[in-house]
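Let's take a friendly walk through this fold, one piece at a time. Keep the structure open beside you as we go.

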Amino acid sequence: MTLRNHQFRLAARPVGAVKRTDFNYIDSPVSPPGDDEVLVKTLYLSLDPAMRGWMNEGKSYIPPVALGEVMRAGGVGKVLESKHPKFSAGDFVYGTLGIQEYATLDGKGLSKVDPSVAPLPVYLGTLGMPGMTAYFGLLEIGKPQPGETVVVSGAAGAVGTVVGQIAKIKGCRVVGIAGGKQKCDYLTQTLGFDAAIDYKSEDVKKALRQHCPKGVDVYFDNVGGDILDIVLTQLARKARIVICGAISQYNSTTGVKGPSHYMSLLVNRASMTGMVVFDYADRYPEAGREMAGWIKSGRLKTREDIVDGLETFPETLLKLFNGENFGKLVLKVADA
């Protein structure tokens with residue numbers, strides 16, 4: 001019997017927030033693998049803020065998804081059939097599977113994962129692209145030193161939770177910025193952050209002064225906009241800002257809001273550096289081994305927000321931009 005594949009293909013460049021009508025939901029036969037190819041059944045898909053940028057036309061760090069193409073997404077799946085020398089049927093793998101039930105791939109960028117080391121969804125979060133982003137962004141660009149104060153925005157998200165925990169492992173004082181009491185309590189009571197600021201109910205500038213009396217040494221920015229501008233006014237001498245994302249700006253229809261307090265970089269001899277995780281791809285195994293060790297020892301905790309059903313993709317993706325996800329947002333497609 002021929003397998004059927006359901007997939008989301010990009011139908012239009014979104015204006016503002018993503019809508020279901022920006023995609024076509026296609027039912028098509030599964031393509032069998034050719035020479036040096038594998039057929040993978042998708043089990044879990046990673047939903048990330050960066051996906052919104054991939055839908056836009058124009059120059060970026062990665063080519064945009066073309067109209068008519070399967071929407072790009074990282075995922076973990078199980079090899080059903082292989083004509084590739086490095087993979088066998090039954091292997092669990094991670095790679096760019098796309099928003100679809102089955103993927104026929106040439107093996108490039110595909111790697112085996114071990115569910116005995118960590119549950120499969122963890123390979124999309126702490127041991128996946130968000131974890132790698134946190135690890136290399138903080139350690140290679142932020143360069144935190146013991147005793148320094150690290151502030152992270154989007155602190156209850158997939159990247160932010162890992163950033164804060166690694167900073168604690170490295171001996172830093174950590175302040176997270178998140179939305180809502182439940183998330184802030186999780187940061188301090190479960191993950192060990194020293195303080196958390198609820199941007200929905202607190203005066204962020206006042207709270208930063210309270211929790212960072214000597215200024216901010218490292219700021220890991222996931223949201224941009226007003227929060228970035230406020231943190232710029234609270235920098236310590238020789239502070240480092242890691243620009244990872246700007247989720248507050250991705251759906252803007254009036255243009256991106258830039259920082260008005262950028263002269264603080266000059267006054268404080270500080271730096272602000274952009275970070276793209278793909279630049280560190282050859283070092284992922286190194287980071288994965290260290291973080292897997294921290295997970296095993298209990299020093300690094302993981303949290304996944306898993307939503308069932310491929311067909312829910314457009315609406316589930318919006319959770320990222322509405323602040324509804326709690327931890328790494330994962331779309332479950334099928335059981336292993």
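Helix α2 passes helix α3 in a right-handed crossing; a crossing is right-handed if the near helix is turned clockwise from the far one by less than a right angle, and left-handed if anticlockwise. Before going further, note that this is a predicted model, in which local features need pLDDT of at least 70, side-chain atom pairs count only at pLDDT 80 or more, and totals for chains, interfaces and linings use all residues. Residues are numbered from 1 along each chain as its sequence is written, and side-chain values use heavy atoms, with hydrogens and water left out. Helices (H or I, at least four residues) and strands (E, at least two) are DSSP runs, numbered from the N terminus.

Two packed helices are described by the angle between their axes and the distance between the axes. For α2 (residues 129–142) and α3 (residues 158–169), the angle is about 45° and the axes lie 8 Å apart. That makes α2 oblique to α3, since angles under 35 degrees count as roughly parallel, over 145 as roughly antiparallel, 65 to 115 as roughly perpendicular and the rest as oblique. Axes here are lines fitted to C-alpha atoms, for helices over the stretch in contact, with angles running from 0 to 180 degrees between N-to-C directions. Among the α2 residues that meet α3 are Tyr135, Leu138 and Leu139, and the α3 side includes Val162, Val163 and Ile166; contact means heavy atoms within 4.5 Å.

Now to the sheet. It is open, with 6 strands in the order β10-β9-β8-β11-β12-β13 and parallel pairing; two strands pair if DSSP finds at least two bridges between them. β10 and β13 (271–274) stand at the edges with a single partner strand each, so one side of each has no neighbour in the sheet. On average, neighbouring strands are turned by 15° against each other, direction ignored.

Helix α4 (residues 181–190) lies across β9 and β10, at about 170° to β10.
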